[in-house]
Amino acid sequence: NIEYMFGIVGIPVTEIAIAAQAVGIKYVGMRNEQAACYAASAVGYLTGRPGVCLVVSGPGFLHALGGMANATMNCWPLIVIGGSSDRNQETMGAFQEFPQVEAGRLYNKLSVRPSSLEAVRTSIYGRPGSCYIDIPGDFVNLQVNKSSVKHVECCLPPAISTAEHSAVSKAASIIARSKQPLLIIGKGAAYSHAENNIRKLVDLCGLPFLPTPMAKGVVPDNHPNCVAAARSTALQDADVIILLGARLNWILHFGLPPRFRQDVKVIQIDICAEELGNNVRPAAILLGDINAVTKQLLEEFSKRPLKYPSNSEWWKKLREKIMTNEERSKGLALQKSLPMNYYTVFHHIREQIPKDCILVSEGANTMDIGRTMLPNYYPRQRLDAGTFGTMGVGLGFAIAAAMVAKDRTPEKQVICIEGDSAFGFSGMEVETICRYNLPILIIIVNNNGIYTGLDADTWKEMLKFGDPATCVPPVSLLPNSHYEEIMSAFGGKGYFVKTPEELQSALKASMTDKQTPALINVMIDPQSERKKQEFPWLTRSNL
């Protein structure tokens, strides 16, 4: 049941791509193996069945390692098929010879030669991840006796495990006694399609909830119990935290003070036993499938109903913080000065994009501010840098989302919002988008740099000091670059935007023409930054 393959062909794997098409697999030829691997992994997240990345030997395999690591860290199913040198040339210095199976073990759940159907099962069972299959060049056209081929049935869907009843009862008791509870929804909940049961749990018990970035939309962001706009306060003051498929890693500050209370009680729900008790000793452990365990909790609360009071001091504190933060963001969004800031740009984007679009986002400020300014209403419709914080994933993810949407929900639009630096990692995939006529809208929020940049006048002054390699700040990129011309060069529509009016006009035109790929290059103030945060995402501040 593999539907999609992404890759770059060459010796010795070209025939594999042709054979895949012959049996009905859709092959998308990309421009960089890294982007191809990101695309295949996103298919795994969106569909629950692994996408395949096909790469050549040596350098091709090495370029795909970033995608393998990203999939494994994000817990997304992926299969990478790599060509390798002929078996009878091993250790002879063969063309692009490299110890690929051994190297792949660091990044994959399974790394094997020869090809094995075990890879599909391994990629989706337990905690999903990447699997690597190594195919020597002489295997590709190897002739075998047809009667000796062993046909294996499609592997069964992953078994659904439930938590022990005593653990469910203990967790329910802890939640019932809490004064300041908080439900944290992770992308594991999105992957397990737990949205219906989680929504019921939120509504039944009246719990405030905080989604992690890619869990946005499991319960809609406009639900009255969403406290994303009071994130720091919610994390810092909660006395009981229920982790639904979220990990206490850097994204959640490891679950440690000062971001969390010293005496916080953590209820951990996860499919992976090794994750339980990581960084913080849980008050209750529920090992099992997120959807199934949430259903168990619902059944428990139907026997002993719990409704957390909406007029409590905890809710009052959270709502006050939400209001304060939203007012600050609104003030920035409505600023009339030029060049525009991030908040103004996202305000106009939010006004015009469809509620059910698939949002892909990457870039430091672009992704962080966009997460707070652009709401999600449906699950599995936000893709970003994820657990590994990987830049360069955007266009690969967008291509994967557009391929899946074309087959399953053709009315959905894919909108990829990138920083100018992030776009540079995989910008050539614009040609792939146009070649396959994928109506993706790319919006580049362009501040001429990484984190911050320089305006054109300052750039010219800076060059007077000498060689840019010695005097230009490392975070700077070339000012006012016309990235939209890359899209125009391949037959799509490109827009260069400096004002809110121009942005509105470009958005309307792109939203109306749903058949043509488009790129809107939005120039903003090079010094525009995120509003001051109580706590930075990382444990140390940026420069």
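Is arginine 380 buried or exposed? Select arginine 380: with a relative accessibility of 11%, this residue counts as buried (under 20% relative accessible area is buried, over 50% exposed, in between partly exposed, with a 1.4 Å probe and protein chains only).

Before moving on, note that this is a predicted model, where local features need pLDDT of at least 70, side-chain atom pairs count only at pLDDT 80 or more, and totals for chains, interfaces and linings use all residues. Residues are numbered from 1 along each chain as its sequence is written, and side-chain values use heavy atoms, leaving out hydrogens and water.

**Stay at arginine 380.** Its phi is near 60 degrees, a positive value in a residue other than glycine. Arginine 380 sits in the loop between H15 and E13 (helices, H or I with at least four residues, and strands, E with at least two, are DSSP runs numbered from the N terminus).

**Now select the sheet.** Color 6 strands in the order E13-E12-E14-E15-E19-E18; they form an open sheet with parallel pairing (two strands pair if DSSP finds at least two bridges between them). Strand E13 (382-383) and strand E18 (493-497) are at the edges, each with a single partner strand, so one side of each has no neighbour in the sheet.

Zoom in on E12 (residues 358-362) and E14 (residues 414-419). These strands pair in the parallel sense over 5 bridges. Find glutamate 362: its bridge partner in E14 is glutamate 418.

**Go to the E9-E10 loop.** Select histidine 253, which lies in the loop between E9 and E10. Histidine 253 is not a glycine, yet has a positive phi of about 55 degrees. Histidine 253 is buried, at 6% relative accessible area. Then pick proline 258, in the loop between strand E9 (240-244) and strand E10 (265-270). A cis peptide bond joins proline 257 to proline 258, with omega about 10 degrees.

**Jump to proline 12.** This residue is in the loop between strand E1 (4-7) and helix H1 (14-22). Isoleucine 11 and proline 12 are joined by a cis peptide bond, omega about 5 degrees.

**Last stop: valine 149.** Look in the loop between helix H7 (137-140) and helix H8 (165-177). Valine 149 is partly exposed, at 39% relative accessibility.
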